[in-house]
Amino acid sequence: VVHIDGYTATMGNCYRILGDLLGMQAQAAVLAQYCDNIYADTLSISNRIGSAKPSLLYIVGTTGLNVIAKSSYHAEIIDLLSNNVAVVSNPSSSGMGNTVTLEQIMLWNPSVIIFSTGSIYSTVGTNKDWATIDAIKNGKYYEAPYGPYNWMGFPPSVQRYLGMIWMAQLLYPDTAQYDVYSKVQEYFKLFYHCDITQAQYNTLVANSLGKQ
């Protein structure tokens, strides 16, 4: 049994180790370089934005009361690209995050909210309690793309690089000046060995532009 820690900053090294173990160094090198490049580009965007990152909450689960806490394993790209306001005493390592109350979410009052697939994205806009939160009130809430897995994690694997690509341009379009579809195409060819059409891509990101 071999256990390899898979963090977004070191995913390229994971593929290099796998390549050595499986005798597939050439194939692994291509995937590793992709991961290194995407992470470096995302880190550069994060550094250029600096302290101007928006307050953000990433919500999972069907009740809207599970948050991915700051400094937790599942919050890596959230923490990298935003000011994650979900500060709790014991960040959970579970993909379902920490359970909080609506009152706590109101107190955090994030300016941006990202909902996972299967959460309450479609109903918060007409809920009078949620409507008091800045992100909902100002239409700055989004549903994370999904297909074939959640792009933000869960499982927290290499598809988080799709999340980095999408989230960086969502929050900082003037800085992340690239075509998301083209980058997603490249990812699907490398990791899933298939093409993705514009129509298929549009379906995956249908709710990722929010309710403005």
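Predicted model: local features only at pLDDT ≥ 70, side-chain atom pairs only at ≥ 80, totals over all residues.
Residues are numbered from 1 along each chain as its sequence is written, and side-chain values use heavy atoms, with hydrogens and water left out.

Reader: How far apart are the end C-alpha atoms of helix 6?

Author: Helices (H or I, at least four residues) and strands (E, at least two) are DSSP runs numbered from the N terminus. The expected span of a helix is 1.5 Å times one less than its number of residues. For the 12 residues of helix 6 (residues 160-171) this gives 16 Å, and the end C-alpha atoms agree, being apart by 16 Å.

Reader: Is helix 6 largely enclosed or largely open, and how many of its residues are buried?

Author: Buried means under 20% relative accessible area, exposed over 50%, and partly exposed in between (1.4 Å probe, protein chains only). The buried residues of helix 6 include Arg160, Trp166 and Leu171. Helix 6 is largely enclosed by the rest of the structure, because the buried residues number 11 of the 12.

Reader: Which residue's side chain is joined to that of Glu76 by a polar contact of 2.9 Å?

Author: Glu76 belongs to helix 3 (residues 76-81). A polar contact is a pair of N or O atoms within 3.5 Å; within protein, one must be able to donate a hydrogen and the other to accept it, and residues adjacent in sequence count only if both atoms are side-chain atoms. The Glu76 side chain reaches the backbone nitrogen of Thr8 at 3.3 Å. At 2.9 Å, its side-chain partner is Arg160.

Reader: How are helix 1 and helix 2 oriented to each other?

Author: Axes are lines fitted to C-alpha atoms, for helices over the stretch in contact, and angles run from 0 to 180 degrees between N-to-C directions. The axes of helix 1 (residues 11-22) and helix 2 (residues 25-49) come within 7 Å and cross at roughly 175°. Angles under 35 degrees count as roughly parallel, over 145 as roughly antiparallel, 65 to 115 as roughly perpendicular and the rest as oblique. Helix 1 and helix 2 are therefore roughly antiparallel.

Reader: Which residues of helix 7 meet helix 6?

Author: The axes of helix 6 and helix 7 come within 10 Å, crossing at roughly 180°. Contact means heavy atoms within 4.5 Å. From helix 6, Leu162, Ile165 and Gln169 take part, and they meet Val180, Lys183, Val184, Tyr187 and Phe188.

Reader: Is Val180 buried or exposed?

Author: Val180 lies in helix 7. Not counting residues up to four places away in sequence, Val180 touches Ile165, Gln169 and Tyr201. With a relative accessibility of 7%, Val180 is buried.

Reader: Is the peptide bond from Phe154 to Pro155 cis or trans?

Author: Pro155 is located in the loop between strand 6 and helix 6. Pro148 lies in the loop between strand 6 (141-143) and helix 6, and the bond from Gly147 to Pro148 is cis with omega near -10°. For the bond from Phe154 to Pro155, omega is near 5°, and the bond is cis.

Reader: What is the relative accessible area of Ser71?

Author: Ser71 sits in the loop between strand 2 (66-67) and helix 3. Its phi is near 75°, a positive value in a residue other than glycine. Ser71 is exposed, and its relative accessible area is 62%.
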